[in-house]
Amino acid sequence: MRIPATAACLCPLLICLCFVQRSYGTTHARPNVKAPRNQTKHPDGGKDVHHRPKRGWIWNQFFVLEEHIGPEAQHVGKLHSNSDNGDGSVRYLLSGDGAGTVFVIDEVTGDIHATKSLDREKKGQYVLHAQAIDRYTNKSLEPESEFIIKVQDVNDNAPTFPDGPFTATVPEMAEVGTSVFQLTATDADDPTYGNSAKIVYSILQGQPYFSVDPKTGVIRTALSNMDREARERYSVVVQAKDMAGSVGGLSGSTTINVTLTDVNDNPPKFPQKNYQLYVPESAQIGKAVGKIKAIDKDVGVNAEVRYSITNAEGMEMFSISTDTDQNEGIISLRQPLNYEQKKVHTLHIEGFNTQLDPRFSHLGPFKDTTTLRIIVGDVDEPPVFSMDYYIMDVYENSPVGTEVGTVTAQDPDSTKSPVRYFIDHSETNQVYFTIGVNSGVIKTTQSLDREDVAWHNITVMASEVDNPSLASHVPVTIQVLDVNDNAPYIARGDEIIVCESSRAGQVIQTVRPSDMDNFANGRFSFALPNDLPVNPNFTLKDNEGGPGSFPWILRKGTPMRQCTD
């Protein structure tokens, strides 16, 4: 007789009659069937005997349902030897996995019962050994045989997502059917038995935006044109149900938090088409005077905006740079402002994206323009002199109070406040000049001597009457002009010695006079004093060699003092 492949009968002398009812009921016993006659060996080691009935085990294949919660022990099956005549002389013994604790055997009938509720997911089968012995002699009637009790699965485990909840991302505006995430649920039940572990996926929450493949668990987009700027995050709840999704199947669920990532599908926009900015005329060149910002609903690099001034008037007076941290345009001054010359400047400003996505070019252009009017504020400025510096002159020895010159300053503001003038005397200890507080006329306070000080440098200040703290300064240089107020003089030198051998007309000495006045007043004429007797031996003559240079000339024939070598 052929032994079924599922039989757990290892002894070659045993014949297993296995009848398995694949259901949740208890295995039914079949009537004992005698083994066919065959040659066998006596358990006591005797010689082969032909034409003798074979002794052997008779039992069914053993299965036990897991999770049995009945009031009585669950009947597993029955061991029976064809040596058992029903007179109680055969004693059945059980050993191996769970023998005596999980499984017990009736020594007389061979019935096996499970005393505890079993869990297939913890232990799926038990390997045991059976013996049949003579109750009176304790001799083995059958060889010890190994058999297996399999724990039969019931659908007692729901599908789970051990790693959930999950997070996933998908670009906004993605096409329908774009893969977002793949889920895989696990079921501890037996995948080879029935549909206990056959899982079907479905969406409990997240429609109509997403769908899930019922077999693979792949989540896909189900709606086109999902806009991150309208809604960024979605919570998708997916259920996994066993028993192929049929009624009565167990289920488990998990959450997938889906975030739409940004694409550049929004152009920058200025909130207003016209702006106005007040800037005082005292603003410094190169310094920021204001800022402007275009709003881009995108994020990250997709929201980066660069700014530029597009009109010539604006570019001449102002510059604009981009603050990448704040995504703002910083406006700075190129040229000084002057309220009195121009009170309003107009700037045309453009903001544009730097990272363009050709897929969304039809949503463009990805730039925007606005107009900025800069109102120049009037600032109370100090008086402005008519010249950057002044040069004046006055003759020396002029009377005190002589007018030297006039400085002029005026208030550049529209108020045209009166101006007062002062001389800064902190630079010198001696006061030579004064100035008219209202007129700006500079006059001498004492007689000047060119030979003492030829140039005077003073600083004149001008301040507004209404705001004396606003003052300006200008340098004034005054030259003292020369008058002929100094007599020439001749420096006395050593005694002049003339040799008697000197010829008439020979130059014996050159006279060089000095004058403290300048060269215009330094032309000299020479004559011998009238109050002294005339010496016929010498004459004074202009040698025409230049001003202040005349020789003494010796006359011929005049006896002279002898010179020695």
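A: Val400 counts as exposed, because its relative accessibility is 56%; exposed means over 50% relative accessible area, buried under 20% and partly exposed in between, with a 1.4 Å probe and protein chains only. The model is predicted, so local features need pLDDT of at least 70 and side-chain atom pairs count only at pLDDT 80 or more, while totals for chains, interfaces and linings use all residues. Residues are numbered from 1 along each chain as its sequence is written, and side-chain values use heavy atoms, with hydrogens and water left out.

Val400 belongs to the loop between strand 24 (390-395) and strand 25 (403-406). Strands here are DSSP runs of E with at least two residues, and helices are runs of H or I with at least four, numbered from the N terminus. Apart from neighbours within four places in sequence, Val400 is in contact with Thr444, Thr445, Gln446 and Ser447, where contact means heavy atoms within 4.5 Å. From C-alpha to C-alpha, Val400 and Phe433 are 9.3 Å apart in space and 33 residues apart in sequence.

Leaving aside neighbours within four places in sequence, the contacts of Ser196 include Asp153, Asn155, Asp187 and Met243.

The account now turns to aromatic rings. The structure holds eight aromatic pairs; rings of Phe, Tyr and Trp (its six-membered ring) pair if their centres lie within 6.5 Å, and planes under 30 degrees apart count as stacked, over 60 as edge-to-face and the rest as tilted. The pair of Tyr209 and Tyr234 is tilted, because the ring centres are 4.9 Å apart and the planes stand at 50°. This pair links distant parts of the chain, 25 residues apart: Tyr209 is in the loop between strand 11 and strand 12 (210-212), and Tyr234 is in strand 14 (residues 233-241). Tyr209 counts as partly exposed because its relative accessibility is 26%, whereas Tyr234, at 7%, counts as buried. Phe210 and Tyr234 have ring centres 5.6 Å apart and planes at 75°, so this pair is edge-to-face. Because Phe210 lies in strand 12 and Tyr234 in strand 14, the pair ties together parts 24 residues apart in sequence. Both Phe210 and Tyr234 are buried. Tyr209, Phe210 and Tyr234 form one aromatic cluster.
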